[in-house]
Amino acid sequence: MSVLAIDAGTTGVTAVVVTPDGRIQAKGYQEFRQHFPQPGWVEHSAEEIWQATLEATREVLTKVDADELTAVGITNQRETVVLWDRETLGSPRRAIVWQDRRTADICDRLRADGHEERVAELTGLRLDPYFSGTKLTWLAENEPHTWALVESGRYAVGTVDSYLIARMTRGTWHVTDVSNACRTLLFDLEAGDWSDELCGLFGVPRDALPDLVPNWGEVAPTDPKSFLGLSLPIAGIAGDQQSALFGQTCFEEGESKCTYGTGSFILTNTGGRVVRSDAGLLSTAAWRSPDGQMTYALEGAIFVTGAAVQWLRDGLQIVGNAAETAAIAATVEDTDGVVFVPALTGLGAPHWDPHARGTIIGITRGTTRAHLVRATLEAIAFEVRDVLETLPELTTLRVDGGAAANDLLCQFQADQVGRAVERPEIVETTALGAAFLAGLGTGTWSSTDELRDTWALDRRFEPAGDRAALDAAYALWSKAVERSKGWAD
């Protein structure tokens with residue numbers, strides 16, 4: 001019997017059906033629109049996310065027998081804030097996306113008032129527009145009529161997972177898990193619960209937030225009238241990056257993965273202890289088992305990697321699709337001195353500058369489309385190296401996500417970090433992790449050991465190239481990063 005997984009990402013929703021031997025039996029996908037009301041602002045229509053979820057699921061149901069499905073797992077873009085009416089399930093405004101930078105001034109104000117050290121102590125995070133808490137503060141300050149209905153209890157507040165669960169259960173359940181809760185700036189990482197102190201600081205009523213449930217185990221049944229006739233237990237929930245860590249079977253302390261998606265995210269399992277970083281990495285919850293045992297991780301969050309390729313496609317219109325970037329980049333031996341810093345929504349780890357902006361340096365009359373495309377792929381590898389420089393004990397890097405299928409990028413990555421890069425046969429590990437969690441929660445798999453046996457290597461990329469030349473290219477990248485900082489101050 002197979003498991004349905006819903007991966008509600010930043011640019012679209014993927015639905016997959018995973019068999020007991022860990023194969024993806026069927027897949028559906030539906031993109032949704034990105035809204036940019038002002039420079040640096042990013043929004044999504046909650047209703048469009050829900051409709052994309054239905055469409056992607058409808059697609060897989062044309063390929064498999066619904067009677068074979070035993071459970072559903074959900075994984076999602078994190079930090080994105082959704083409001084919805086508890087009665088009608090309609091959303092009064094578009095969701096504010098994790099990439100959104102509108103709250104930079106609120107972060108600066110809280111930092112100036114001396115709150116950052118305490119926030120970091122409690123949450124493992126930092127004051128940055130990336131996280132959910134300041135988005136809610138912004139709503140309270142700028143949309144008081146909407147916020148009044150949050151305070152009265154009419155509107156629920158949640159991340160995308162909790163919104164989808166509300167829609168799947170016809171509004172009966174308002175829940176989330178620790179991997180999403182810990183990204184809100186409202187969650188006490190050590191205590192494993194919402195913090196009254198933090199709710200007070202950001203002005204968020206505790207009653208508006210979802211209840212916390214384990215990452216696997218039966219949570220709630222879907223309502224067949226709401227969810228395409230399906231009555232399945234929702235039995236697995238995780239934010240996308242923690243889900244990918246689970247899907248890569250990184251169950252032991254020290255095991256790491258890098259997901260190439262809209263952004264890129266490097267997570268290292270730190271076991272049952274919160275590990276703090278002085279180098280710009282985040283301490284985060286990975287998952288909580290039904291018996292209450294917490295697993296934590298260190299995370300390097302890079303905001304724009306795959307989104308830079310999407311910008312080449314949609315913004316500049318110099319590539320037709322992401323798949324052709326490797327072939328275009330391979331037509332030139334190097335970037336001919338062109339460096340692209342894709343700080344299109346600021347810089348994340350390890351720099352943390354919301355005021356940085358995208359920068360292309362080194363353009364000459366001889367610069368071509370191929371040089372810019374190659375510079376974009378190299379930028380992804382450089383950004384990941386920025387984070388991995390803070391994890392010197394790492395020996396092998398497991399990669400996944402859409403761009404992991406790009407051989408040229410994977411080789412760039414291995415060369416730059418000087419470590420082997422391992423790509424699994426299944427790179428849809430975010431959705432796979434949600435399926436693993438749901439299947440673990442309903443008995444499709446009996447243990448994490450059984451899940452580990454499903455992981456299979458597709459290709460291992462060994463580091464090569466001239467070390468001095470590679471380090472010189474990285475030094476030039478670092479110089480360009482410094483030029484990009486503070487541009488939008």
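Student: In this predicted model, is Gly-306 buried, partly exposed or exposed?

Tutor: The relative accessible area of Gly-306 is 21%, and a residue counts as buried under 20% and as exposed over 50%. Gly-306 is found in helix H10, which covers residues 306–314.

Student: How are helix H12 and helix H16 oriented to each other, roughly parallel or roughly perpendicular?

Tutor: Helix H12 (residues 369–388) and helix H16 (residues 467–484) pack with their axes 11 Å apart and at an angle of about 90°. Angles of 65 to 115 degrees count as roughly perpendicular. H12 and H16 are therefore, relative to each other, roughly perpendicular.

Student: How many charged residues are there in the contact of H12 with H16?

Tutor: On the side of H12 the contact includes Phe-382, Glu-383 and Arg-385, and these residues belong to a group that meets residues of H16, among them Arg-467, Asp-471 and Trp-477. Divided by class, the residues of this contact give six nonpolar and no polar, and the number of charged residues is five.

Student: What is the angle at which helix H9 and helix H14 pack?

Tutor: Helix H9 takes in residues 240–247 and helix H14 residues 429–442, and their axes are 7 Å apart. H9 is roughly perpendicular to H14, and the contact between them has seven nonpolar, five polar and one charged residues. The angle at which H9 and H14 pack is about 75°.

Student: Why is the pair of Phe-187 and Trp-194 given a class, and what is that class?

Tutor: A pair of aromatic rings is described by the distance of the centres and the angle of the planes. The count comes to 20 aromatic pairs. For Phe-187 and Trp-194, both of which are buried, the centres are 6.3 Å apart and the planes stand at 90°, so the pair is edge-to-face.

Student: Which residue has its charged end over the ring of Trp-455?

Tutor: There is also a charge over a ring at Phe-265, where Arg-78 lies over the face at 5.4 Å from the ring centre. Phe-265 belongs to a cluster linked by ring pairs, together with Trp-98, Tyr-130, Phe-131, Phe-303 and Trp-352. Over the ring of Trp-455, at 3.7 Å from its centre, sits the charged end of Arg-398.

Student: What is the relative accessible area of Glu-79, and is this residue buried or exposed?

Tutor: Most residues other than glycine have a negative phi, and most peptide bonds are trans. Glu-79, in the loop between strand E5 (69–76) and strand E6 (82–85), has a positive phi near 70°. Its relative accessible area is 2%, and Glu-79 is buried.

Terms used. Residues are numbered from 1 along each chain as its sequence is written. This is a predicted model: local features need pLDDT of at least 70, side-chain atom pairs count only at pLDDT 80 or more; totals for chains, interfaces and linings use all residues. Side-chain values use heavy atoms; hydrogens and water are left out. Rings of Phe, Tyr and Trp (its six-membered ring) pair if their centres lie within 6.5 Å; planes under 30 degrees apart count as stacked, over 60 as edge-to-face and the rest as tilted. Buried means under 20% relative accessible area, exposed over 50%, partly exposed in between (1.4 Å probe, protein chains only). A charge sits over a ring if NZ of Lys or CZ of Arg is within 6 Å of the ring centre and within 35 degrees of the ring normal. Axes are lines fitted to C-alpha atoms, for helices over the stretch in contact, and angles run from 0 to 180 degrees between N-to-C directions. Helices (H or I, at least four residues) and strands (E, at least two) are DSSP runs, numbered from the N terminus. Angles under 35 degrees count as roughly parallel, over 145 as roughly antiparallel, 65 to 115 as roughly perpendicular and the rest as oblique. Contact means heavy atoms within 4.5 Å. Ala, Val, Leu, Ile, Met, Phe, Trp, Tyr, Cys and Pro count as nonpolar, Asp, Glu, Lys and Arg as charged, and the others, Gly among them, as polar.
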